[in-house]
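Morning, everyone. Have a look at the model on the screen while I get set up, and then I'll talk you through it.

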Amino acid sequence: MSIAPPDLPVGKNRGALDSTVDAEASGYVEPKTIRVKKRLTSRTATIASIIIALLWTIPTFGLFISSFRPAELIRTTGWWTIFTNPGFTLENYQDVLLSTSSSSPQLGSYIVNSIAIALLATIIPLVFASMAAYAFAWMRFRGVGVLFVIIFALQIIPLQMALVPLLQIFSTVLRPMQAWLHDVVPIIPEQNYLPLWVAHSIFGLPLAIFLLHNFISEIPADVIEAARVDGATHGQIFFRIVLPLSVPAIASFAIFQFIWVWNDLLVALIFSGGTQDVAPLTQRLAELTGTRGQDWQLLTAAAFISIIIPLIVFFSLQRYFVRGLLAGSTKG
Amino acid sequence: MTTADLLGKILQVVMGLVVFAAIVGLLIFFIDKAPKKGRDYWQLVGFLAPAVILVAVGLIYPAIRTSILAFQTNAGDFTFDNFVWAFTQPAAIRTLINTVIWVLLVPTFATAVGLAYAVFIDRSRGEKFYKAILFMPIAISFVGASVIWKFVYEYRSGDREQIGLLNAIVVAFGGEPVQWLQTDPINTILLIVVMIWVQTGFAMVVLSAAIKGIATEQLEAAQLDGTNGWQRFTNVIVPGIRGSLVVVLTTISIATLKVFDIVRTMTAGNFNTSIVANEMYTQAFRASEIGRGSALALILFVMVLPIVIYNVNVLRKQREIR
């Protein structure tokens, strides 16, 4: 990725957004001569930005504090009175995670579900999309260009347009397969991850193909040609050259898709069946806000558990995450 | 969760991975062993087939089918009733109006606050930290954000101490606590606040990058001409980032039109807060009104379409200039 001011042309196929983000994310350093103070109005600006920053953090902070307060205190006092009404407990987390009583949220199995769903729902579109992106970029045929534009355009279709018929297709095609699998391997419940994997993969494909195509098409033609001349097959070129070279784009999409699937509610509601066997964390949390809306000791801890993984990814892989997110901001 | 459950889940994931790897391996094997005659063509088909088939079956066909379902009764006869319902029933009209309010307020405020913040923190000390703070909500799921804000809006009746921040502030200033989420029309505004909270970080990051792209000479020249901060902002910065502004506004508009989770989690569309994306789910999957749900999905698509076209046009023009 280049380190260049965003108004320089950085690579022909990269969108305006992408290049600006590159410069921004890589901590673009100004030349010394122009590194002068030129902020608008210093004092007011600082105060205003601190106020905005506080406004944006306080809600999350309140949730975080509350999740460590005893239920009785949450119910009777505001979290901002923590110093006058001190109390610290890990019971809330114990309750939502470990308790096996039927009335507790039992988040353990939902965490497993979220991981299981997000894992394959990231890998499948990633592989299929990079194959398609390679073909679109390096196999010249009539009509291929049109096909690419069509797939690119599919990004604008709202998920809502696909849900009803897709559910019908799944119940005729996937349902028998799931039932058969349950008969053969009884340990796998009849409600399994298959519909969610397939649905998320489909919805992730257009963006993935677009992102990866931008990157793969910029691999120098010499590299591909040389491999062809040496007698490499398309399969070899794809696995040995294209995939290793595309790691930055793959990482961007993988992180974006993982977080997107992890945070998704709509697809889960429709395709998961809502049981402990399949439903992800978000669906459980949404359900809890409905059924246990007053039990804030549970809700705060459960919510914090559900947001902690994306936050970790965000803070550790911020750069890839931002790039993937900006490219995919209209997904869904 | 019993051990058997966990084993079943792990087994599913392993099987999923193995089957998927086998499919891809077989595919690549056959691609490389394609018949000599028309080999390039078969290889192309092999590489494209999985993605194209999935997208055709899972997106293109369903989208067409939804468009047809929108014009059918539940029995399958042709009808305009679904659209008549969507544009005449008071509740449905309210849904449309709410959607318009959302799509007007969210992009405007998210962009305005994001831009102001980006300008304020530009080249200040700790800029990265400031950015991370505002950007963080984007990583949080809409469901998580809804819980966070539901807690802020929490209401306690009578003389009990308020545990929701908003009501606590109201009471501290001598007001009466309000059942925020049940009170129309303030509840819609409060749901919109959640979406603004999520989207502002996105606007800020993009606009901040754009501001850094403005030539420093321009700003210095303006400064030498004796302009004040506001004049430099309106005459140099804003024209300099117009393209990014449009992209941010349109992108957030599209995201706002499609957002479903916030309304679903916080009010489930009750108390006159429903929007098209949520009502579509309610009609199609809760009330089994497939036709109405499909009509709403189609309306949503038609609302998104012009914004996308405009967005693409702006992006293309921007690229031509470069």
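Some housekeeping first. This is a predicted model, so treat it as one: local features need pLDDT of at least 70, side-chain atom pairs count only at pLDDT 80 or more, and totals for chains, interfaces and linings use all residues. Residues are numbered from 1 along each chain as its sequence is written, while chains are lettered from A and ligands numbered from 1 in the order in which they are written.

Okay, chain A. You'll find 15 helices and 0 strands there; those are DSSP runs numbered from the N terminus, with helices being H or I of at least four residues and strands E of at least two. Of its 332 residues, 49% are buried, where buried means 20 or more other C-beta atoms within 10 Å of a residue's own, exposed means 12 or fewer, and partly exposed is in between, with C-beta atoms placed from the backbone.

Now contacts: two residues are in contact if their C-beta atoms, placed from the backbone, lie within 7 Å. Among the chain A contacts with a separation of 6 or more, 69% are between residues 24 or more positions apart.

How is chain A divided? Into domain 1, 16-97, and domain 2, 107-327; domain bounds come from an automatic or database domain assignment. Their C-alpha centres are 30 Å apart. Where they touch, 15 residues of domain 1 contact 16 of domain 2. On the domain 1 side, α1 (16-25), α2 (42-66), α3 (71-76) and α4 (91-97) of chain A each give two or more residues, and α4(A) has the largest share, with 5. By class, that side has 10 nonpolar, 3 polar and 2 charged residues. For the classes, Ala, Val, Leu, Ile, Met, Phe, Trp, Tyr, Cys and Pro are nonpolar, Asp, Glu, Lys and Arg are charged, and the others, Gly among them, are polar.

Let's zoom in on α2(A). Its axis and that of helix α14 (residues 296-316) of chain A come within 8 Å and cross at roughly 115°; axes are lines fitted to C-alpha atoms, for helices over the stretch in contact, and angles run from 0 to 180 degrees between N-to-C directions. Leu63(A), Phe64(A) and Ser66(A) on α2(A) meet Trp296(A), Thr300(A), Ala303(A) and Phe304(A) on α14(A). That contact counts 5 nonpolar, 2 polar and no charged residues.

Then there's helix α9 (residues 221-229) of chain A: 0 of its 9 residues are buried, so it lies largely in the open. After α9(A) comes Gly231(A), with a positive phi near 90°.

On to the partner. Chain A puts 103 residues in contact with 111 of chain B. Helix α5 (residues 107-138) of chain A supplies the largest share of the chain A side, 14 residues. That side has 70 nonpolar, 29 polar and 4 charged residues.

Last, chain B. Here the assignment gives domain 1 (3-79) and domain 2 (82-321), with C-alpha centres 35 Å apart.
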